[in-house]
Amino acid sequence: MPINLETLVLHGGDGTRVIGEPLAPAPVLSTTYFTHPDAVGFSASDLTDDAPHFYTRWSNPTLELLEKRLALLEGGEAALSFASGMAAITGLFAGRLKSGDHLVLSDVCYAGVAEYARQALPRQGVEVSFVDSSDPQNVAAAMRPNTRLVHIETPANPILKLTDIAAVAAIAHAGGAELSVDSTIATPVGTNPIALGADYVCHALTKYICGHGDALGGAVIGRADRLAELRRDVLIHHGAALSPFSAYLILRGIETLPLRMEKHQANARAVGEWLEGHPKVRRVLWPGLASHEQAELARRQMRNFSGLLSFSVKSDSAGMARQLAERLKTVSYAVSLGKTKSLCFYIGTDDILRSSFALADERAYRDRAGEGVFRVSVGIEDAGDIIADFEQALR
Ligand SMILES: *Cc1c(COP(=O)(O)O)cnc(C)c1O
């Protein structure tokens, strides 16, 4: 009996039903567990797949439930949770890349990942090529004999450029590399990268999956043997384990993920279409708009277009950023994305090129973003109230 996503978010991974057991799982906050000399060794290298819980940095019942549920939602064999989205992605890089290896990376992606790839990875002896992965041919051209991993983000923050996951998976595999997809913005409601050929899916659970903006978390989903290696070789020793209390909040958030994504999408459409008609607005970027350059790929690859959009204005973007920060009321002028409440933040093009992005094609980015984008994480308030707030703030 195939179980659908709307059911899995509520029941996925919750195991056998025992009379008298609580229906809502309580977070297990214990850091340590009763054990026995025959049950588990003291070293991470002794960790077996069927080892009991031993120490929470290694594994924990609440994290295990979250990991099982995420694996089911993404159609992966297993998942591994981390303290944040950054810990998950840098953990995956640490596990899969060594000195002398080559990484192909989407040139537009989460700023923290772009900066890490620009600064830290070369110091570790990892070569990085930054490519505009929205054209798969650019990925093909960047492949080298030592390419071990291709990491893409789709849709990519903050200009909502898309990458064709199936096409890039085929290119990565033909070159003997693996493909990792940061699917934080799409969520499992929108896209399942593993079904399209990806080896790993990364999520900042902090965003839509938690959804309420009150817990940091990250996860990697993929093959069970690879994730067991990652747990043993990276998570246990780097120590960026997710807090069980955060996992509990994230599990609670997941229950409403499909409902929230539906409303995020409907509101993003309403706000995006309204912004497109505004006289001060230069361009609106959202995968669900007919005007999106990759609208056909969006329809093919995304069942839900998510709630993140960006817009640019025709003149004085920096002045408009100050004006919106002062005037927006329902919408909060703040970073982050994917929570219930609407957020807006200005990302100046010169600033982000200086600090974060090593772009393959600066002109293409400037064409999309202009002087800068107002990134709007459209929340689940009444769409008319969000629009009215932008109306008065943009005046
Ligand atoms: C926020 C975010 C991250 C990083 O997640 P944190 O939990 O803040 O570390 C990575 N990728 C994307 C696309 C994000 O939006």
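A residue is termed buried when its relative accessible area is under 20%, exposed when that area is over 50%, and partly exposed in between (1.4 Å probe, protein chains only). By this criterion Asp164 is buried, with a relative accessible area of 15%. The structure is a predicted model, in which local features need pLDDT of at least 70 and side-chain atom pairs count only at pLDDT 80 or more, while totals for chains, interfaces and linings use all residues. Residues are numbered from 1 along each chain as its sequence is written, and side-chain values use heavy atoms, with hydrogens and water left out.

Helices (H or I, at least four residues) and strands (E, at least two) are DSSP runs numbered from the N terminus, and two strands are taken to pair if DSSP finds at least two bridges between them. Under these definitions, 7 strands form an open sheet with mixed pairing, in the order β1-β7-β6-β5-β4-β2-β3. Its edge strands, β1 (78-82) and β3 (127-131), each pair on one side only. From one strand to the next, the twist averages 20°; axes are lines fitted to C-alpha atoms, for helices over the stretch in contact, and angles run from 0 to 180 degrees between N-to-C directions. Within this sheet, β5 (residues 178-182) and β6 (residues 200-204) run parallel and are joined by 3 bridges. Ser180 has Tyr200 in β6 as its bridge partner.

Helix α6 (residues 165-174) touches β4 (147-153) and β5, and its direction makes about 150° with that of β5. Helix α8 (residues 224-238) touches β1, β5, β6 and β7 (218-222), and its direction makes about 25° with that of β1.

Strand β12 (residues 372-377) is largely enclosed by the rest of the structure, because 6 of its 6 residues are buried. Both of its faces are covered: Gly372, Phe374 and Val376 are buried on one side, and Val373, Arg375 and Ser377 on the other. Strand β12 pairs in the antiparallel sense with β9 (residues 308-313) over 4 bridges, with Ser310 opposite Arg375. Strand β11 (residues 343-348) also pairs with β12 in the antiparallel sense, over 6 bridges, and here Tyr346 has Phe374 as its bridge partner.

A salt bridge is assigned when a side-chain nitrogen of Lys or Arg lies within 4 Å of a carboxyl oxygen of Asp or Glu; this rule gives a count of 21. Arg300 takes part in a salt bridge with Asp164 (3.4 Å, N to O). Since Arg300 belongs to helix α11 (residues 295-301) and Asp164 to the loop between β4 and α6, this pair ties together parts that are 136 residues apart in sequence. Arg300 also forms a salt bridge with Glu296 (3.1 Å, N to O). These two residues are 4 residues apart in helix α11 and are therefore separated by about one helical turn. Glu296 is partly exposed, at 48% relative accessibility.

A further salt bridge joins Asp350 and Arg366 (2.8 Å, N to O). Asp350 lies in helix α13 (residues 349-355) and Arg366 in helix α14 (residues 362-369), so that distant parts of the chain, 16 residues apart, are linked. Asp350 is partly exposed, with a relative accessible area of 46%, and Arg366 is partly exposed as well, with a value of 32%. The contact involves Asn267, Ala270, Val271, Trp274 and Leu275 of α10 together with Ala383, Ile386, Ile387, Phe390, Glu391 and Leu394 of α15.

The loop between β4 and α6 contains Pro155 and Pro158. A cis peptide bond joins Thr154 to Pro155, with omega about -10°, and the bond from Asn157 to Pro158 is also cis, with omega near 5°. Leu160 is found in this loop between β4 and α6. Although it is not a glycine, Leu160 has a positive phi of about 55°, and it is buried, with a relative accessible area of 0%.

Technical notes:
Contact = heavy atoms within 4.5 Å.
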